[in-house]
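Hi,

Here is the structure I promised to pass on. Have a look at it first, and then read my notes below.

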Amino acid sequence: LGSTCATWWSRSFMAAADDRAADVFEDLTHDGGVLKKVVRVGDPTAAVVRKGSFVSLHYVGTLPDGAVFDSSRESGYPFKFQLGKGKVIKGWDIAVASMMLKERCQIVVRPEYGYGVEGAGDDIPPNATLHFDMELVACADAPPLSAKEEEEKKRAIADQERLEVLKKAREEAAAKKLADKAAKDAEAAARKAAADEKAAAKANKGKGGKKKGK
């Protein structure tokens, strides 16, 4: 019964996913920056793709006119990178994180999620919208850190925390200095105003005491 249920669930999932994969692009960023259309549904029972995963994928990159600017299929070797570490364009990190193992999809990446206003070399012009055909062929979680790496990570975190404390202390000191200066300036202005008022009153009193001569 368990095997039958699992088979039914898997077939139901695949059928529903295939329906969803019909010629529809999903807006992964909710601003039109990265669009995705599933061409072949992946394996829902395989390893979950997450930030830090080591992934391998085949891809073909084209410009809007269909010109191919890069392809892993020409070499026959999939491209490998660690997800979510800034090793690739932002659009790739977002798109690959949404994929399942063995999934094949098409994505459209706007310039702000690709190579921006600068482009990349002679192949990708400035402000280029990029199209990719991608297939996720392998995925593995990052291996656990060694004792040395764990210690270095802890030191880095401690250093960062100390920097944050120092930064906050400097900001508080600067704010206090400005507040003290403002208080002194206000006190000086009040004293000057009082002195000016006193001098004006004295001058007016002197004028009122004079008598006209005959």
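Helix α2 covers residues 90–97, and its buried residues are Gly 91, Trp 92, Asp 93, Ala 95 and Val 96. Keep in mind that this is a predicted model. What covers those buried residues? The cover includes the strands β2 (34–40), β3 (54–62), β5 (79–82), β6 (104–109) and β7 (130–140).

Now for how some of the strands pair up. Strand β1 (residues 26–27) runs antiparallel to β2, and 2 bridges join them. Across that pairing, Asp 27 sits opposite Leu 35 of β2. The hairpin of β1 and β2 has 6 residues between the strands, and in it His 30 has a positive phi near 65°. β2 also pairs with β6, again antiparallel, over 6 bridges. Here Leu 35 has Val 108 in β6 as its bridge partner.

Are the two buried or exposed? Tyr 59 is buried at 9% relative accessible area, while Phe 79 is partly exposed at 32%.

Tyr 59 also pairs with Trp 92: the ring centres are 4.9 Å apart and the planes lie at 80°, so this one is edge-to-face. Since Trp 92 is in helix α2 and Tyr 59 in strand β3, the pair links parts 33 residues apart in sequence. Both Tyr 59 and Trp 92 are buried. Finally, Tyr 59, Phe 69, Phe 79, Phe 81, Trp 92 and Phe 132 make up one aromatic cluster.

Cheers

Technical notes. Residues numbered from 1 in each chain as written. Predicted model: local features only at pLDDT ≥ 70, side-chain atom pairs only at ≥ 80, totals over all residues. Heavy atoms only, no water. Buried < 20%, exposed > 50% of the residue type's maximum accessible area, 1.4 Å probe, protein only. Helix = DSSP H or I, 4+ residues; strand = E, 2+ residues; numbered from the N terminus. Contact = heavy atoms within 4.5 Å. Pairing = 2+ DSSP bridges. Phe/Tyr/Trp six-rings, centres within 6.5 Å; stacked < 30°, edge-to-face > 60°.
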